[in-house]
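Here are my notes on the model you passed along.

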Amino acid sequence: MSDNPTAYKHWRLETDAGHVLWIYCDKYQSSVNTLDKEVMDEFSAILDAVSKTQEYRGIVFASGKKTGFIAGADIKQFPLYKDAASIEYTLQLGQKICAKLESLRCPTVAMIKGFCLGGGLELALACRYRIAEDSPKTRLGLPEVKLGIQPGWGGSVRLPRLIGSVQGLSLILSGHTVNAKTAAKLGLVDFAVPERHLRKAAIHCVSQNPVSHHPTTWQRFSNHQLLRPLLAKVIRHKLTAKVNPVHYPAPFQILNQWETYGVGTAEAFAQETKSFSKLFFSDTSHNLVRVFLLQERLKGLAKDETFAFQQQVHVVGAGTMGGDIAAWCALQGFKVTLQDQEPALLSRAFKRAYSLCRDKLKEPHLIQKAMDCLIPDVAGHGIATANIIIEAVVEDVSIKQKIFKDIEEKARSLAILATNTSSIPLDEINTVLREPERLVGLHFFNPVPMMPLVEVVQGGKTEKAIVERAMSFVRQIDKLPLPVKSSPGFLVNRILFPYMMEAMNLLEENVSPVVIDKAMTHFGMPIGPIALADMVGLDVCLLVANHFKKNSDFTISPRLQRAVTENKLGRKTGEGFYHYDKQGKILQTKNDADTKALEEIANRLVLRLLNEAFLCLREGVVADADLLDAGMIFGAGFAPFRGGPVNYAKTQGIQTLFQQFVQQEKNPRYCHRSHCTVVI
Ligand code: NAD
């Protein structure tokens, strides 16, 4: 057995004085450990060699990277698998390696720091012990369903076997990850310890061989064949309420597999392979992998990593957006000064920030640390020291101009000036600036903590380097930057707007809001357009409609105008297009339309959205179709399993869509917009 560090390309082996073999995963020329065939082949060879010798007291598997244990399979290689035979071969290879690992006679420990996901966790599950660093960065899980597939190296069998079916399936079916403490409570890891004790704990396991986690009687019984049908029924019922099996078949298939084959036989592993392979070649998985790769592309757009924003962010305006932007930045460890007109307005934002930090961080000392980063600053002292200043005051050009004039006077010469405007062209705001090239748009989406996208808006005068730095800032606060041109509504709102207006036209035709929204959630949108309008606020919708009307000719829905006149502004006033209860829940639920009618409505609305998407492409609002799809998925939640609007249009056939659109244009029942441009 060789300890020679050069013997393997992706693994490093060291034997310590106590005869413990330390095996570090350190993927060649990669900042993160992902598992591909070469990495796994080497690992298999290492295990073969280890199994032939008695010289080790135990083995500890760890990561040789600065961050993270193993992130899972290399998703970039997924498109290389063209047929079931090739993917099944790889899965069986992975399963064999895990089985080899599980059957080693000496104690084996997975020492986990940072993320341990997918195939990484499946390897760890095959070890006798798992020890995880108790830190917010440690996350363990099997997120394969998020790619439309399932665990394929035995994880869908070993996890419910280890921690029982209720908790195990809950993790697998949701794709959620857990931190080290929760993992220890579940029995997924044996110990959660601070970093300084990690090695000691690993050596303790190897040398003392303490009792590892074993499933409790209930956890074992929860996988029993008598109980499985009953539990599966309950879980399926809950799952169906949240997930459409036609759109997302993976969780249902995993559940069926568990119900039929359980966790105790070789057949369970064999079925896992078959089930994985079927899901792998589905359209859903194909599109979800596409979404993952689009996300990677957005991350990669932030190239300028030299600009240090850590020092300070200043936010002007502590309302819905400014308050949440400031809180989010503080949560990411930035020092943030938050300015508004009076302390009472700041205290509202601080309360919300506290709730956010509490929900995300859980531990009191971490919450305190994040809240300490957030500093109230009515006088705006922070402007003079900040590296980036984000304006998020009311949507009024003269107020914004006044604020930026003042900011430019006080700010450091290198500081970036950013506006969160959702509709005002940058070249209107920047006319008051001495250096208009410093102004960039950072268009966050509401609610800030939940929406991953930030449109980085380049005005006619914005300097390219400023845009690049702004994109780098967006990545540093763990959001996804999308570069767009400064045109009305930028990309996401511009595309959503005609779709929402068309939904209001349907209201004018006496189609019920419930039916319209059902049609779109049935299509795969996270929320229907009418509920969305009520959530945004009908006053805001009208404001935006009037703004868009300056550039194009269409009729604003009279219902929208009437609702605003009557102060029925949506969820915030308890009534808009819907009525709401005190908790803000919609009261109407009756859907009297059949599936065919729902599909017709969805088709009509989606055509509007697609047409505007192609217009945006033609006008160069965004650089290419993939970026447009990414923007609509991460900024508007466009049905991810459809891979984005342009991808959807391509799969439907552009010619077919064109014909449908022309048909709608000719039919007055279908078109209220007099100047519709057919560009599909
Ligand atoms: P808001 O009305 O909730 O908050 C605006 C805040 O700005 C208020 O607290 C107000 O007191 C403060 N303010 C006004 N003048 C000020 C001044 N001179 N100095 C300091 N503070 C001042 O508005 P919002 O919804 O947070 O929107 C803010 C900006 O973000 C707007 O440009 C809006 O278009 C944009 N935006 C809003 C949304 C959304 O969904 N609400 C989404 C994206 C972008």
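1. Val-166 counts as partly exposed, because its relative accessibility is 38%, and partly exposed covers the range between under 20% (buried) and over 50% (exposed). Bear in mind that this is a predicted model.

2. Where does Val-166 lie? In helix H5, which covers residues 165–174.

3. Now to the ligand. Which residues come nearest? There are 22 residues around the ligand, and Met-321, Asp-340, Glu-395, Lys-400 and Ser-422 are the nearest of them.

4. The side chain of Lys-400 puts an N or O atom 2.7 Å from a ligand oxygen. With Met-321, the backbone takes part: one of its N or O atoms lies 2.8 Å from an oxygen atom of the ligand. For Gln-341, a side-chain N or O atom is 3.1 Å from a ligand oxygen.

5. How much of the ligand does the protein cover? On its own the ligand has 820 Å² of accessible area, and the protein covers 78% of that.

6. As for what builds the shell around the ligand, the elements giving two or more residues are helices H13 (320–331), H14 (343–361) and H16 (397–410), plus strand E15 (439–444). Sorted by class, the shell has nine nonpolar residues, nine polar ones and four charged ones.

Terms used. Residues are numbered from 1 along each chain as its sequence is written. This is a predicted model: local features need pLDDT of at least 70, side-chain atom pairs count only at pLDDT 80 or more; totals for chains, interfaces and linings use all residues. Side-chain values use heavy atoms; hydrogens and water are left out. A residue is near a molecule or strand if one of its heavy atoms lies within 4 Å of it. A polar contact is a pair of N or O atoms within 3.5 Å; within protein, one must be able to donate a hydrogen and the other to accept it, and residues adjacent in sequence count only if both atoms are side-chain atoms. Accessible areas come from the Shrake-Rupley method with a 1.4 Å probe; for residues, only the protein chains shown count as cover. Helices (H or I, at least four residues) and strands (E, at least two) are DSSP runs, numbered from the N terminus. Ala, Val, Leu, Ile, Met, Phe, Trp, Tyr, Cys and Pro count as nonpolar, Asp, Glu, Lys and Arg as charged, and the others, Gly among them, as polar. Buried means under 20% relative accessible area, exposed over 50%, partly exposed in between (1.4 Å probe, protein chains only).
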